[in-house]
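Welcome! Please take a moment with the view below before reading on.

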Amino acid sequence: MENIAEYLKAERSQEWRTELRKSMKAKERTSKERVHMPERDPNIRNKNIDEVNLGLTAEMALEEAQRCLDCPNPTCITGCPVGINIPKFIKKIETNDFLGAAVVLKETNALPAVCGRVCPQEKQCENNCFYTISLKKTPVAIGNLERFAADFERNSGKIAIPEVAEPNGIKVAVIGSGPAGLSAAGDLCKYGYDVTVFEALHEIGGVLKYGIPEFRLPNEIVDVEINVMKQMGVKFRTNFVVGKTATLDDLKEQGYEAFFVGSGAGLPRFMNIPGENYNGIFSSNEYLTRINLMNAAKEDYDTPVLSGKNVAVIGGGNTAMDSVRTAKRLGAERAMIIYRRSLKEMPARVEEVKHAQEEGIEFMNLHNPVEYYADEHGRVNRMKVQKMELGEPDASGRRRPIPIPGSEFDIDVDTVVVSVGVSPNPLIPSSLPDLKMTDWGTIVVDKDTMQSSIPELFAGGDIVRGGATVILAMGDGRKAAAGIHKYLQEKVRKN
Amino acid sequence: MSKIVEKEFFSKNVVKVVLEAPEIAKARKAGHFVIIRIGEKGERIPLTIADADEQKGTITLIVQKVGVTSAKLAALNVGDEVTDVVGPLGHATHIENFGTVLCAGGGVGIAPLYPIVKALKNAGNRVITVLAARSKDLIILEDEMRANSDEVIVMTDDGSYGKQGLVTAGMEEVINREKVHLSVVIGPAIMMKFAALTTKKYNIKTFASLNTIMVDGTGMCGACRITVGGKTKFVCVDGPEFDAHEVDFDLMLSRLGAYREQEVKAYEKYLKTAETVQ
């Protein structure tokens with residue numbers, strides 16, 4: 001950490017930064033109000049898949065960048081899992097060097113346009129901003145500025161390809177092309193390794209493609225970032241299930257010397273209540289995959305999806321919000337969230353909940369499903385829910401929901417999306433008996449290097465965390481890349 | 001992309017396709033399946049691997065035209081490419097010397113049964129195979145089955161070939177005659193349901209290989225879930241083979257029909273477009 005602090009200090013004392021700080025009084029900066037990012041009209045956007053947030057204009061970005069005080073101790077960076085040099089990129093924006101800002105982002109972040117859209121900045125960088133901590137004011141809109149710089153670069157047609165070290169010829173395999181894998185692959189490539197990313201599906205991107213809907217993260221944006229990685233030299237293999245198509249040993253025989261497993265949280269959880277296997281009841285993974293990855297809602301695609309007039313989504317996380325807002329867009333008259341705690345305990349981002357409310361989503365908080373019923377064709381047509389009340393806080397620190405006896409009642413539904421979490425994908429671990437696992441099915445790793453009990457195997461993202469965010473997965477990918485680099489360099493030196 | 005190197009129609013609607021897929025050919029075992037997708041707008045469907053040639057690096061799929069994707073596959077020719085093929089997926093069949101194994105295949109289910117029959121025979125089992133279909137032209141792989149079974153009994157609904165009657169009649173003939181240690185049944189869900197009821201009567205351990213609707217095929221989506229012994233199981237990662245006496249076949253039948261309406265509509269539309277093209 002010492003080195004990083006010194007590096008940041010040196011960067012901050014560069015002449016252009018010093019000059020810029022002097023160009024406007026701190027008081028003037030702090031007196032500015034946070035710029036609001038424009039959004040599409042809720043009653044128009046809930047009928048199409050166009051992106052909800054519209055991004056900042058250049059004028060807005062300049063105005064917002066001026067709010068940043070370029071603090072001597074930039075606490076915001078401590079909140080960023082991939083350690084973006086936040087003041088530097090914001091000050092680049094303030095000097096009108098938008099492309100330069102994008103270059104700064106890419107020093108540590110392989111997917112800035114993605115992170116600018118889906119990171120929970122309010123819990124990370126922005127929560128650690130000087131404005132939040134000391135001034136008790138709304139923080140600098142770091143996420144919106146990140147998105148602005150990344151979008152500006154993409155739209156300029158002058159996308160910078162990050163510099164990579166001289167190729168060292170050492171082969172490294174990355175398993176899974178979601179945020180953890182892409183982030184690891186990007187860094188490993190920069191270190192000079194010969195990186196191949198293996199993906200089980202037919203598309204690169206993992207949850208960024210199959211999970212997060214277009215209205216929050218257009219697939220095209222993911223593809224542009226993946227293309228940059230291809231130009232850096234990262235190789236991709238789709239339709240390849242490591243552990244099935246080839247084992248780890250097969251890959252070792254092919255010369256791969258280290259592995260990063262970012263295979264994600266594959267297995268959707270259900271509640272195991274009566275009737276849960278009726279038709280029209282989906283896991284959020286299935287519902288979103290059919291629509292996002294397979295384009296089921298588009299007329300000319302072969303994959304079908306059932307989405308009706310009365311859609312209940314069970315759960316209160318971001319995936320639940322994505323599912324319910326998708327159902328609304330597919331024409332649901334009633335699109336409901338059924339969540340067993342209250343709005344306050346909801347794990348979804350505040351912004352997502354707000355957007356859902358604006359779009360006409362009903363929130364049935366403090367309710368829990370008990371049983372499903374079906375018509376004569378086996379299609380769900382009704383569900384029984386029970387009212388809940390909050391008791392004492394549980395292990396998660398949130399107040400425990402307690403069922404109220406006798407409060408059950410029925411609601412008409414024709415589609416249900418169960419979004420109560422996921423378990424780690426067992427495919428890789430089950431093919432490696434020596435791999436140390438937790439009781440929850442996640443891979444045990446050293447928290448600094450992300451190295452597993454198999455020395456050449458590193459892991460990160462949901463296969464280690466059990467269900468987290470894009471940015472935490474990316475942070476793991478970066479750490480693992482550094483861990484792999486250290487491991488391989490030591491190995492090279494020994495030989 | 002996997003290139004088609006061989007194609008043969010067994011009947012008007014049943015086609016054998018041999019694909020270049022060297023890694024899958026090397027890794028696959030009896031009981032494994034692949035997921036395929038045809039065209040950028042195609043859906044993902046699971047198909048059991050009927051055979052493979054490791055030397056040539058090919059796998060064999062046998063499909064019956066029942067909907068858009070199977071018809072699209074049947075319409076491809078030698079030299080054409082299947083957009084995506086991924087596998088081998090699922091658990092391989094557990095093979096050992098059980099003694100006498102009664103294998104029953106219904107219709108196009110005979111195809112996935114073939115590698116299992118072959119593996120069981122190689123492991124030293126006495127293998128008796130019952131092949132059943134509506135009529136003669138739907139009985140496939142008969143020679144291959146004969147080459148790998150101690151006995152083959154053919155049953156057709158209409159009596160156009162072999163004996164007239166259902167698969168269960170052929171199975172009972174064997175069960176009443178000799179001790180059967182294990183049974184493996186593969187075919188339409190309704191056939192497996194009644195085959196399982198038959199062996200249950202005689203207390204013979206029975207495995208069924210299930211072919212449900214899937215999307216990813218790696219445990220991610222749960223589209224393939226069924227109830228086995230009262231518990232929810234995923235066919236893609238927990239199966240595709242299960243204790244046939246524990247499977248809720250009625251639920252499986254219902255889930256297989258989840259998209260019936262869309263499927264019929266899409267197939268009609270496809271057939272119309274295919275006609276115009278021709």
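Pro88(B) lies in strand 8 (residues 84-89) of chain B; helices (H or I, at least four residues) and strands (E, at least two) are DSSP runs numbered from the N terminus. The peptide bond that leads from Gly87(B) into Pro88(B) is cis, with omega near -5 degrees. Gly239(B) and Pro240(B) are also joined by a cis peptide bond, with omega about 10 degrees. Pro240(B) sits in the loop between helix 7 (235-238) and strand 17 (241-243) of chain B.

Over in chain A, Asn96(A) is not a glycine, yet has a positive phi of about 75 degrees. You will find Asn96(A) in the loop between helix 7 (86-94) and helix 8 (98-108) of chain A.

## How to read the model

This is a predicted model, in which local features need pLDDT of at least 70 and side-chain atom pairs count only at pLDDT 80 or more, while totals for chains, interfaces and linings use all residues. Residues are numbered from 1 along each chain as its sequence is written, chains are lettered from A and ligands numbered from 1 in the order in which they are written, and side-chain values use heavy atoms, leaving out hydrogens and water.

## Where the chains meet

In chain A, 40 residues are in contact (heavy atoms within 4.5 Å) with 42 residues of chain B. Together the two chains bury about 3,400 Å², 51% of it on carbon and sulfur atoms; buried area is the accessible area (1.4 Å probe) that two parts lose on being put together, summed over both. Lys244(A), Asn277(A) and Asp302(A) supply 21% of the area that chain A buries against chain B, more than any other three residues.

Four salt bridges are counted between chain A and chain B, a salt bridge being a side-chain nitrogen of Lys or Arg within 4 Å of a carboxyl oxygen of Asp or Glu. Asp302(A) forms a salt bridge with Lys72(B), and the closest N and O atoms are 2.6 Å apart. Helix 16 of chain A provides the largest share of the side of chain A that touches chain B, four residues.

## A link within chain A

Over all chains, the count comes to 60 salt bridges. Glu51(A) pairs in this way with Arg117(A), the closest N and O atoms being 2.7 Å apart. Glu51(A) lies in the loop between helix 4 (42-45) and helix 5 (58-67) of chain A and Arg117(A) in helix 9 (residues 112-118) of chain A, so the pair ties together parts that are 66 residues apart in sequence.
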